[in-house]
Amino acid sequence: MKVWNAYILPPPQKVFETFLKMLKDGSIFINIYASMKRVFIGFFISAIIGIPLGIFFGMVNSIYEYFKPLFNFFRNTPPLALIPMLILWFGIGEKSKIIIIILASFFPIFTSTLKGIRNCDSKLIEVGKAFELSRLQIILKIIIPSAVLDIAVGLKLALGYSFRAIIGAELVAASSGLGYLISDGKEMSRTDVVIVGIIVIGILGILCDYIFSILVKKVNKGKSVEAYE
C-alpha cells in the first residue's frame with residue numbers, strides 16, 4: 001500500500017537518485033553558481049550603497065525626514081511586484097534580476113545602519129568632544145564603530161532577503177539558477193527535481209546564515225572586549 005502518490009510527492013529514494021544524477025552531470029552546480037553569483041552581486045551593490053546612505057542620513061536627520069516618505073514607499077513595495085516592469089525595461093537578462101536583489105536587500109542594510117548611527121551613546125560623543133576630536137574623527141572613531149553590530153545584523157538579514165528575491169525572479173524569467181530549476185521541474189512534471197531545488201536552496205540559506213551568525217558574534221564579542229578595556 002502506497003502512503004503517497006509518487007507523482008505528487010516522490011519517495012525520498014527517487015529524490016536522492018535525482019540529486020546524485022544532477023551532481024554527476026554538473027547541472028546542480030551550474031544552477032547554484034548562477035543564483036549565488038546574482039545574489040552576491042546584488043548584495044554587494046546594496047551594501048556599498050546602503051551603508052554610506054545609512055551613515056549619511058543618520059548624521060543628517062533633517063535631510064532624511066525630507067526623503068523618508070520616498071524611502072517608505074519603496075520599502076513597503078514588494079520587489080517581486082516590480083518584476084513585470086523590470087522585465088519590460090531591462091528584459092529577462094541579468095540586470096532585472098540583480099535590480100530585484102538590490103531592492104530586496106537594500107532596506108535591511110540601510111535601516112540597520114541608520115539605527116546604529118542614531119543609537120550611538122551620546123556620552124561617547126561628549127567624551128570625543130572633550131578630547132577635542134574633530135567632527136570627522138568623532139564619526140570615524142566613535143559613531144561608526146558603535147554601529148558595526150547593527151550593520152552586521154542588517155547584512156545578515158539582507159542576505160536572506162536576497163535569496164528569497166532571486167528565487168522569485170528566477171521562477172518568472174530565467175534560463176539558469178535554482179529558481180529556474182524549480183520552475184523547469186514544475187513544467188516537466190518532475191516533482192523530484194522541484195524538491196531537490198528546494199532542499200538545495202534551504203541548505204545554502206542555512207550555510208550563509210550560519211556564516212553571518214559567526215560574523216555577528218565576533219563583532220559583538222569584539223565590541224564587548226573594547227567596552228571592557
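Quick housekeeping: residues count from 1 along each chain as its sequence is written, and side-chain values use heavy atoms, without hydrogens or water. Since the model is predicted, local features need pLDDT of at least 70 and side-chain atom pairs 80 or more, while totals for chains, interfaces and linings use all residues.

Okay, helices first; they're DSSP runs of H or I, at least four residues, numbered from the N terminus. The axes of H1 (residues 12–25) and H2 (residues 27–59) come within 5 Å and cross at roughly 80°. Axes here are lines fitted to C-alpha atoms over the stretch in contact, with angles from 0 to 180 degrees between N-to-C directions. Met22, Leu23 and Asp25 of H1 meet Ser27, Ile28 and Phe29 of H2; contact means heavy atoms within 4.5 Å.

Ile28 turns up again in the largest nonpolar core, which has 39 residues. Such a core is a set of buried Ala, Val, Leu, Ile, Met, Phe, Trp, Tyr and Cys residues joined through side-chain atoms within 4.5 Å, with buried meaning under 20% relative accessible area (1.4 Å probe, protein chains only). H2 gives the largest share, 9 residues.

Now, rings. They pair if their centres lie within 6.5 Å, and planes over 60 degrees apart count as edge-to-face. That gives 14 aromatic pairs. Phe57 and Phe110 sit 6.0 Å apart with planes at 85°, so they're edge-to-face. Phe57 is in H2 and Phe110 in H5, so this pair ties together parts 53 residues apart in sequence. Phe57 is buried at 5%, and Phe110 is buried at 1%.

Terms used. Helix = DSSP H or I, 4+ residues; strand = E, 2+ residues; numbered from the N terminus. Buried < 20%, exposed > 50% of the residue type's maximum accessible area, 1.4 Å probe, protein only. Phe/Tyr/Trp six-rings, centres within 6.5 Å; stacked < 30°, edge-to-face > 60°.
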